[in-house]
Amino acid sequence: MIRTLQVAAILILAACGLATATPAQAQMYWRFDFGWSEANDSADFKDNDFYNSGNIWGEPTGTQPGTLNNIDGSLIVGAGVGYRFTSGLRGDVTLTYRGFYDLNEATFEARYNASITSTALMVNGYYDFSAGGVRPYIGAGIGWARNETSDLSQNFGLGFINTFSGATRDDTAYALMAGVGIPYGG
């Protein structure tokens, strides 16, 4: 509930900024994002209750919990709407989907597989610097992310497979950005 109120407050402040921009500076824009995301090697998928279930082993004796870290990359697809408040200040709201991550790791005892998706709704602010025909920028954003894992398959071979229920987790998301914008005529 508190996170929802925080996002609502940010959206209200952004709307107030829209009302104060002068017509010569004001400019609405749309954005479409496509890219690729690689997971780092510290995903640390693990048993939430290893000492009672003991499903992901960290060593051959099965007395220590293990982690799974091999997650394949995913295509990123996103879109947003934004507003330029002044020549240097702009903001946008974006929705981004990463739906093609795959957990695929073999350990000494089994092979593990699961699909992972991530959806993020963000409110972002940017400052654009003037540099001739290009616009270097810095930015920051805050929002909400939902990460979902399908059922986890644990395959020991010879037809012996365990399946564990997937899970969904909602959390606060944040972003720090830097880049270069290249305006095009129109």
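User: How many salt bridges does a search of the whole structure find?

Analyst: The search finds six salt bridges, each being a side-chain nitrogen of Lys or Arg within 4 Å of a carboxyl oxygen of Asp or Glu. Please note that this is a predicted model, in which local features need pLDDT of at least 70, side-chain atom pairs count only at pLDDT 80 or more, and totals for chains, interfaces and linings use all residues. Residues are numbered from 1 along each chain as its sequence is written, and side-chain values use heavy atoms, with hydrogens and water left out.

User: Which residue forms a salt bridge with Asp 92?

Analyst: Asp 92 pairs with Arg 31, and their closest N and O atoms are 3.0 Å apart. Asp 92 belongs to strand 3 and Arg 31 to strand 1, so the bridge ties together parts that are 61 residues apart in sequence. Strands (E, at least two residues) and helices (H or I, at least four) are DSSP runs, numbered from the N terminus.

User: Is Asp 92 buried or exposed?

Analyst: Asp 92 is buried, at 3% relative accessibility, whereas Arg 31 is partly exposed at 22%. Buried means under 20% relative accessible area, exposed means over 50%, and partly exposed lies in between (1.4 Å probe, protein chains only).

User: Where are Arg 84 and Asp 128?

Analyst: The side chains of Arg 84 and Asp 128 meet in a salt bridge at 2.8 Å, N to O. Arg 84 is in strand 2 and Asp 128 in strand 4 (residues 111-128), 44 residues apart, and the pair links distant parts of the chain. Arg 84 is buried, with a relative accessible area of 10%, and Asp 128 is buried as well, at 5%.

User: What does the side chain of Thr 94 make a polar contact with?

Analyst: The partner is the side chain of Asn 124, at 3.4 Å. A polar contact is a pair of N or O atoms within 3.5 Å; within protein, one must be able to donate a hydrogen and the other to accept it, and residues adjacent in sequence count only if both atoms are side-chain atoms. Thr 94 is placed in strand 3 and is buried, with a relative accessible area of 6%. Beyond its neighbours within four places in sequence, Thr 94 has contacts (heavy atoms within 4.5 Å) that include Arg 31, Ala 79 and Met 122.

User: Turning to the surface, which residues form the nonpolar patch?

Analyst: Among them are Trp 30, Phe 34, Val 77 and Tyr 97, and the patch has about 1100 Å² of accessible area together. Patch residues have over 30% relative accessible area and no salt bridge; nonpolar side chains (Val, Leu, Ile, Met, Phe, Trp, Tyr) are joined within 5 Å, and like charges within 9 Å. Accessible areas come from the Shrake-Rupley method with a 1.4 Å probe, and for residues only the protein chains shown count as cover.

User: Which strand gives the most to it?

Analyst: Strand 1 gives the most, with five residues. Strands 1 (27-37), 2 (74-84) and 3 (89-106) each supply at least two. Tyr 97, in strand 3, is partly exposed at 37% relative accessible area.

User: What is the phi of Leu 158?

Analyst: Leu 158 has a positive phi of about 55°, although it is not a glycine. Most residues other than glycine have a negative phi. Leu 158 sits in the loop between strand 6 (152-157) and strand 7 (160-164) and is exposed, at 94% relative accessibility.

User: Finally, how many helices and strands does the protein chain have?

Analyst: The chain has two helices and eight strands. Buried residues make up 28% of its 186 residues.
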